[in-house]
Amino acid sequence: MQEAVLLLVLLGAMSGGKALYLIHLPATSNVTENSPPETSVHRFSVQLSASLSPVIPGFPMIINSSPLTEVFSVNWLSGTDFEVVTTEKEQLDFETGPNIFDLQIYVKDDVGFMDLQVLTVQVTDVNEPPQFLGNLAKGLDLYVVEGTKPGFIYQVEAFDPEDTRRNIPLSYFLIPPSNNFSMSANGILFSTTEFDFEEGYNSYHLIVEVRDSQGLTASTSLQVNIVNINDEIPRFTSPAREYVIPEELGPGTIVANITAEDPDDQGFTSILLYSIITLNNYFMINQLTGTIQVAHRLDRDAGELRQNPVISLEVLVKDRPFGGQENRMQITFLVKDINDNPATCTKFTFSIMVPESTAKRTLLLDLNSVCFDDDSEAPNSQFNFTTPSAVGSHGGFLQDPAGSGKIVLIGDLDYENPSNLAASNRYTMTIQVQDVAHPYYKNNIYIYVLTSPENEFPLVFDQPSYVFNVSEIRPAGTQFGRVRATDHDFPQSSVAYSISAGGAGLQYTNIFWINPKTGELKLVTKVDYETTPTYTLRIQATNNEDTSSVTVTVNILEKNDEKPICIPNSYFLAIPVDLKVGTNIQNFKLMCTDRDSSPRSFRYSIGPGNINSHFTFSPNAGSNVTRLLLATRFDYTGGLDKIWDYRLLVYITDDNLLSGRKKADTPVETGTVTLSISVIPHPITITTTTPRPRITHQILRKNVYSPSAWYVPFVIAFGSILLLIFLVTLMVQLAKATHRHCPCETGKHKKPLVKKGEMKNTKREVVVETIQMSTVFDGEAIDPVTGAKYEFNSKTGARKWKDPFTQMTKWKESSPQGATPSRPVSAEETGLPRSTDKEGNGLSGTAQAEGAGPGSSNQDGKPGTQKNRDAALTSRASPKPHPGK
């Protein structure tokens with residue numbers, strides 16, 4: 001804000017004589033405190049700019065003040081004349097508020113010229129008269145009780161606004177002086193006489209004046225009221241003291257009116273307060289009028305009024321709620337009985353259950369024991385009974401004697417009697433109980449007589465015993481029979497059935513179930529004739545009164561429901577590929593049994609796994625023992641057979657003894673046996689010999705892949721080409737580096753690895769065998785020639801020796817001094833190609849084997865070590881795979 005003011009001042013200064021500016025400002029003016037609104041503080045004018053542009057409406061204006069205040073504003077006088085005046089928003093007070101105000105007056109015209117000046121306003125002090133505190137300035141009412149002793153009444157308080165510290169005392173006076181009151185110099189009002197309300201004035205008007213040290217005064221009025229006191233007791237004016245009222249008056253009914261008067265209120269309406277000080281629940285009194293009304297029900301026939309109908313009350317009258325004068329009076333109410341209660345009973349509907357064998361003249365019900373009248377006095381409390389009506393079609397009941405309320409039986413209640421059954425053995429009668437006094441209240445009583453049946457007949461089954469037949473092939477839940485028990489008693493009650501004995505099985509406590517409501521017999525599980533052909537059950541029936549039992553025989557009908565069971569149920573067989581036709585394969589035989597079929601009823605057949613019908617059973621029917629035979633030879637060379645593992649599913653059927661017609665009507669059961677047969681190719685025996693005691697076998701292995709894995713050779717070939725390119729590139733780079741850094745003559749110091757005479761004098765035969773092997777071998781067998789174990793692939797037929805190093809060691813130890821069989825076997829005899837080295841120098845496997853002998857040397861010309869020889873020994877011969885592979 002200060003920055004804005006400075007900016008406005010600078011703008012005005014820069015405008016020079018042509019600018020708009022305020023005349024008679026800045027200036028200093030005075031204003032007295034407590035000045036009324038619109039009091040003129042300072043007048044000034046506005047000098048228009050050279051353009052004579054008018055002042056914008058609303059200007060000049062006070063844009064800021066220090067301190068902040070809203071007590072000043074700018075008013076327009078005429079033309080360019082203005083004045084600063086006071087407002088009604090705030091009051092100027094020299095003693096409590098600020099004394100100096102700096103007002104910033106700002107003016108602006110239409111073309112933007114402006115000016116800002118400061119008006120300093122000083123508040124001047126004036127002497128103010130004293131002021132009364134609080135509501136005392138407007139006058140005050142004071143109250144003095146009559147009979148009060150002369151003395152202090154009230155302290156009048158005032159203050160001088162000029163005396164902020166309240167140090168200068170003020171003077172108080174009564175204007176005019178009074179004979180009954182006096183005022184002390186410090187403002188205490190005293191009474192000088194004892195006031196009597198009934199004999200003197202009941203109020204006094206006083207003027208109190210207060211004066212400050214400079215003679216300024218202020219006055220207020222005091223109204224002193226004399227309060228009348230109560231010194232006379234009220235007197236009752238109602239003459240009646242006893243009242244007779246009937247019972248059952250409604251709440252709020254006026255039964256008495258109590259009146260009284262107060263001597264203190266002569267000539268005025270008395271205000272008296274009435275109350276009942278006796279504790280009671282029946283009456284209440286109007287506090288102001290004295291009217292007594294019924295508060296609660298007045299029942300002469302119940303509670304304490306039945307014993308004592310007199311109610312005594314004490315009425316109290318007071319002229320003040322508290323501390324006033326009071327008086328008391330005793331009154332009495334006598335409550336009279338009326339016939340307001342009809343004869344009633346503990347209940348108006350009676351259901352009587354009467355046994356059907358009840359004798360005639362038997363008392364069924366006495367209504368006098370359950371009916372009564374609550375009226376307290378006769379004849380209001382007396383009643384009688386009317387003659388029964390609608391007592392049944394045959395008049396089986398009577399009130400004896402008439403009007404006594406005693407109901408007796410005079411008819412027959414046999415439950416099975418047709419006429420009683422037609423009436424459903426239910427009888428209804430209506431009797432009225434009625435007062436003997438006016439207004440002759442009456443009530444209807446309804447009596448229902450029900451005949452209760454008795455157990456006169458036993459519960460019996462419709463048959464002395466039951467026999468049921470059920471086939472052993474029937475499933476669980478099959479219903480095969482029903483039992484029924486009846487009772488000739490009416491009404492027919494429900495019968496519950498249960499199995500009390502029999503029907504237990506090996507796995508179930510009871511293999512039969514009976515419907516407890518209908519008596520239907522059902523199977524819980526399948527029955528077996530071979531286990532138990534007959535069951536004897538004990539069925540019990542009960543109807544909550546009688547119990548009866550009956551024997552039920554259940555015959556199980558035999559059916560062919562057992563499957564043939566053979567031993568073994570599954571088996572694995574391995575046979576050589578050249579097994580003769582008709583040979584019992586490994587002496588294998590099946591032994592079958594059937595619990596419900598003859599041993600001659602078996603028939604054997606082989607499922608679709610018997611490709612080319614190589615296998616058969618003998619005999620194939622009529623016996624419970626059969627053997628597995630080779631029916632046709634295997635032909636893998638010709639391509640007829642392609643699989644080496646057979647999985648046979650053998651069916652054993654028990655219909656061999658049934659004719660074609662019986663097979664259609666008789667159930668047939670079939671058992672199964674699973675056989676796994678693996679055909680073993682010819683084992684290959686490799687016999688090697690050499691002039692020297694040590695023999696080196698070089699075995700070339702080749703992985704055989706499934707034709708479906710076409711991508712394997714492709715990946716291998718592609719990887720080999722990349723590896724070959726990498727090796728050629730590496731060799732070229734190595735040769736270039738060697739030529740640069742080793743300028744020695746090639747072949748100058750070469751020495752032969754083997755002497756010339758050694759190659760000519762050494763003759764060794766090397767057995768080279770190429771074996772195609774699969775990566776997975778899932779079978780194991782023993783070579784019948786060597787007795788060594790070998791592993792084979794059951795799908796491809798590929799084989800290899802198991803633990804070759806261990807077995808070769810055993811063969812070595814079994815021959816004297818490690819000698820091999822006398823007949824040497826060459827590579828040409830085995831039909832295997834001889835191996836050559838990578839460089840194509842014609843060095844055969846024989847030469848390599850020669851180098852592996854006791855006196856051989858390695859490629860560096862050094863004698864062969866034991867490690868080299870052991871490595872040579874670890875190579876082994878493996879069985880030759882089948883030609884088809």
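Guide: Over residues 745-774 the pLDDT stays under 50, and the model has 73 contacts beyond four places in sequence for this stretch. pLDDT is the predictor's confidence in each residue, from 0 to 100, and a contact means heavy atoms within 4.5 Å. This is a predicted model, in which local features need pLDDT of at least 70 and side-chain atom pairs count only at pLDDT 80 or more, while totals for chains, interfaces and linings use all residues. Residues are numbered from 1 along each chain as its sequence is written, and side-chain values use heavy atoms, with hydrogens and water left out.

Visitor: Which other residues have a pLDDT that stays under 50?

Guide: Residues 4-17 do, with nine contacts beyond four places in sequence. The protein chain averages a pLDDT of 79, and 79% of the residues score at least 70.

Visitor: What makes K149 and E194 a salt bridge?

Guide: The term asks for a side-chain nitrogen of Lys or Arg within 4 Å of a carboxyl oxygen of Asp or Glu. The closest N and O atoms of K149 and E194 are 3.7 Å apart, so the pair meets the rule. K149 lies in the loop between strand 10 (140-145) and strand 11, and E194 in the loop between strand 15 and strand 16 (203-211), so the pair ties together parts that are 45 residues apart in sequence. By this rule the count comes to 12 salt bridges.

Visitor: How do you know that strand 11 and strand 15 pair?

Guide: Two strands pair if DSSP finds at least two bridges between them. Strands are DSSP runs of E with at least two residues, and helices are runs of H or I with at least four, both numbered from the N terminus. Strand 11 (residues 152-155) and strand 15 (residues 188-191) have three bridges in the antiparallel sense, so they count as paired. Y154 stands opposite L189 in strand 15.

Visitor: What does strand 14 do with strand 15?

Guide: Strand 14 (residues 181-183) runs antiparallel to strand 15, joined by three bridges, and M183 has L189 as its bridge partner. In their hairpin, with four residues between the strands, G187 takes a positive phi near 95°.

Visitor: Why are strand 29 and strand 32 said to stand at the edges?

Guide: Their open sheet has three strands in the order 29-33-32, with antiparallel pairing. Strand 29 (363-366) and strand 32 (397-399) each have a single partner strand, so one side of each is left without a neighbour in the sheet. Neighbouring strands are turned by 20° against each other on average, direction ignored; axes are lines fitted to C-alpha atoms, for helices over the stretch in contact, and angles run from 0 to 180 degrees between N-to-C directions.

Visitor: What makes the nonpolar surface patch?

Guide: W710, Y711, F714, V715, F718, I721, L722 and I725 make a patch of about 920 Å². Patch residues have over 30% relative accessible area and no salt bridge; like charges are joined within 9 Å, and nonpolar side chains (Val, Leu, Ile, Met, Phe, Trp, Tyr) within 5 Å. Areas come from the Shrake-Rupley method with a 1.4 Å probe, and for residues only the protein chains shown count as cover. I725 lies in helix 5 (residues 711-741).
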